[in-house]
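Hello,

Here is the structure I promised to send over. Have a look at it first, and then read on for what I found.

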Amino acid sequence: IVFSGNGPSGICLSYLLSGYTPYFKRHSLHPHPILQRKLEEAPEVSLLDQDLEYLSEGLEGRSHSPVALLFDTLQRPDTDFGGTAESVLTWWQEPDRAIPHLVLGRNAPGGAWHSIEGSMVTLSKGEWMGLPDLPFKEWLKQKRRGLRNNRATAEDIAQYYQHYVVKKGLQKNFKCGTVVTSVRKVSAESISNHTQKDLQEDSDSIWNSNEKSSEVFQVDGFFKPMEGDKEPFSIYAENVVLATGTYDNPTWLGVKGENLSYVHHQLSALEEAVKNNSVGIMTDPLLIVGAGLTAADAILFAHHCNIPVIHVFRRRVTDPGLIFNQLPKTMYPEYHKVHQMMKEQTAACAGPYERYISLPEHHVLSFGKDKKCILQDKNGCQEAYKISMALVLTGSNPNLSFLPNDGIDLALDSEQPVNPKRNPIDVDPFTYECTQEKGLYALGPLAGDNFVRFVQGGALAVASSLSKKANKNPP
């Protein structure tokens with residue numbers, strides 16, 4: 001089994017495929033009485049071997065995935081009600097259950113968390129960022145640190161994920177510095193074992209020929225060592241897991257001048273500009289486009305550095321779809337502050353916040369070479385603004401260029417590109433296997449699970465499916 005992507009989804013799945021097996025902890029009590037009764041029916045049978053559809057039936061929560069809700073409530077039984085009840089799972093190391101696999105990723109284990117500015121605070125509560133059987137809070141205590149407002153920094157999260165891989169002994173499964181360029185089905189007969197150019201020293205652990213399988217996946221790419229040239233590789237696997245996330249490919253507006261050097265699509269460009277003193281208190285304003293949390297992070301960062309901001313977004317400030325209207329004020333005071341700024345500081349009426357102007361229901365028409373940006377309001381009125389740089393932060397899409405037809409054929413709507421919120425990959429809800437391509441699985445944002453606490457249920461579903469494939473007669 002090969003999986004592309006070494007973020008939280010990939011790490012959690014590697015843990016489950018390495019022989020770490022979850023069981024219901026005897027004498028523990030889950031606050032959901034029906035689930036408790038189901039768990040007591042077969043405590044000696046691993047969760048991986050049980051009927052996940054039966055166990056997750058009737059569960060409700062903040063995810064649309066039944067298995068995500070199941071695994072979450074088993075690990076954190078009453079967390080949505082502010083409780084701190086212990087997990088009702090116990091983990092046994094059963095080496096004979098391990099399934100050989102390889103995790104490919106560009107960065108160190110943790111994926112895109114290594115690309116996010118280290119001081120940024122997570123949206124989710126810190127304990128929701130943890131992986132199975134190593135609570136994030138415990139790891140943080142060992143560092144003699146606490147959670148700020150119950151939340152963690154991106155740097156902490158990235159370090160925790162790296163530590164987790166080492167602590168659980170998963171390093172041998174991870175190959176970092178790799179870029180996958182192609183995943184396609186090929187005939188098993190056309191491949192001989194000696195052509196397999198494997199990434200691992202022990203090639204047997206990756207190539208287990210199965211006479212029943214007439215087709216396998218060929219995964220091509222290259223490994224980029226710290227020094228020297230790129231080294232190409234080809235791996236053959238009966239199952240491939242897509243866990244690449246969506247951070248790689250920021251959304252563009254598609255307007256004239258968007259490719260000019262002062263227009264950027266990632267928050268890191270602002271951090272770089274501040275370091276270089278190319279934006280600051282005395283420069284022309286910074287244009288921020290978007291009304292999501294990344295745009296809010298950029299506004300907070302700019303506000304902290306006294307950089308003047310023009311903030312443009314298409315929605316009304318009161319739009320219920322706006323993320324700020326869905327967040328509890330007490331838990332997210334800084335995002336509530338941004339929302340206040342957006343409401344109170346429009347161009348029409350000056351508010352209490354210096355160096356910030358909000359332009360709701362506006363959109364960008366073009367960027368000029370003279371750093372003038374043309375904006376248009378809902379009535380069609382246009383105005384030019386002189387700016388120092390522009391940050392277009394309107395979301396991101398997965399980069400699936402390594403799949404035939406960019407993976408569009410795998411999506412719920414096979415006429416449109418894959419999008420984690422509007423058009424995820426179509427998967428079976430209890431195995432996460434792609435409905436259009438057997439043997440191919442999708443995890444995390446690609447399958448519509450956008451929070452770390454819920455991607456783990458997808459990993460459980462995949463591990464359960466692969467375990468049942470490997471062992472035709474489970475207990």
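**Strands, sheets and helices**

Ser 182 stands opposite Asp 220 in β9. Two strands are taken as paired if DSSP finds at least two bridges between them, and β8 and strand β9 (residues 215-223) are joined by nine, running antiparallel. Both belong to an open sheet of three strands in the order β8-β9-β10, with antiparallel pairing. The edges are held by β8 (178-187) and β10 (231-237), each with a single partner strand, so one side of each is left without a neighbour in the sheet. From one strand to the next, the twist averages 20°.

Before going further, a word on what you are looking at. This is a predicted model, in which local features need pLDDT of at least 70 and side-chain atom pairs count only at pLDDT 80 or more, while totals for chains, interfaces and linings use all residues. Residues are numbered from 1 along each chain as its sequence is written, and side-chain values use heavy atoms, with hydrogens and water left out. Helices (H or I, at least four residues) and strands (E, at least two) are DSSP runs, numbered from the N terminus.

**The protein overall**

The protein has 10 helices and 22 strands. Of its 475 residues, 53% count as buried, where buried means under 20% relative accessible area, exposed over 50% and partly exposed in between (1.4 Å probe, protein chains only). Contact means heavy atoms within 4.5 Å. Among contacts between residues at least 6 apart in sequence, 68% join residues at least 24 apart.

**The parallel sheet**

There is also an open sheet of five strands, ordered β7-β4-β1-β11-β22, with parallel pairing. Here β7 (174-176) and β22 (440-442) are the edge strands, each with a single partner strand, so one side of each is left without a neighbour in the sheet. Ignoring direction, neighbouring strands of this sheet are turned by 20° against each other on average. Strand β1 (residues 2-4) pairs with strand β4 (residues 102-105) in the parallel sense over three bridges, and Phe 3 stands opposite Val 103 in β4. Helix α1 (residues 8-17) packs on the sheet and touches β1, β4, β7 and β11, its direction making about 165° with that of β1. For such angles, axes are lines fitted to C-alpha atoms, for helices over the stretch in contact, and angles run from 0 to 180 degrees between N-to-C directions.

Ser 4 lies in strand β1 and is buried, with a relative accessible area of 8%. Not counting residues up to four places away in sequence, Ser 4 touches Leu 104, Val 180, Val 241, Leu 242, Ala 243, Thr 244 and Phe 402. Val 241 lies in strand β11 (residues 240-242) and counts as buried at 0% relative accessibility. Beyond its neighbours within four places in sequence, the contacts of Val 241 include Ile 1, Val 2, Phe 3, Ser 4 and Tyr 441. Val 241 and Gly 5 are 236 residues apart in sequence, yet 8.5 Å apart in space, C-alpha to C-alpha.

**Helices**

How do α4 and α10 pack? Helix α4 (residues 66-75) and helix α10 (residues 452-470) meet at an angle of about 110°, with their axes 7 Å apart. That makes α4 roughly perpendicular to α10, a label used for 65 to 115 degrees; angles under 35 count as roughly parallel, over 145 as roughly antiparallel and the rest as oblique. On the α4 side, the contact is made by Val 67, Ala 68, Leu 69, Phe 71, Asp 72 and Gln 75, and on the α10 side by Arg 453, Phe 454, Gln 456, Gly 457, Leu 460 and Ala 461.

The buried residues of α6 include Ala 154, Asp 156, Tyr 160 and Val 165. After α6 comes Gly 169, whose phi is positive, near 70°.

**A loop residue**

Finally, Leu 253 sits in the loop between β12 (249-250) and β13 (263-264). Leu 253 is partly exposed, with a relative accessible area of 32%. Its contacts, leaving aside neighbours within four places in sequence, are Glu 258, Val 289, Val 364, Phe 367, Val 392 and Thr 394.

Best wishes
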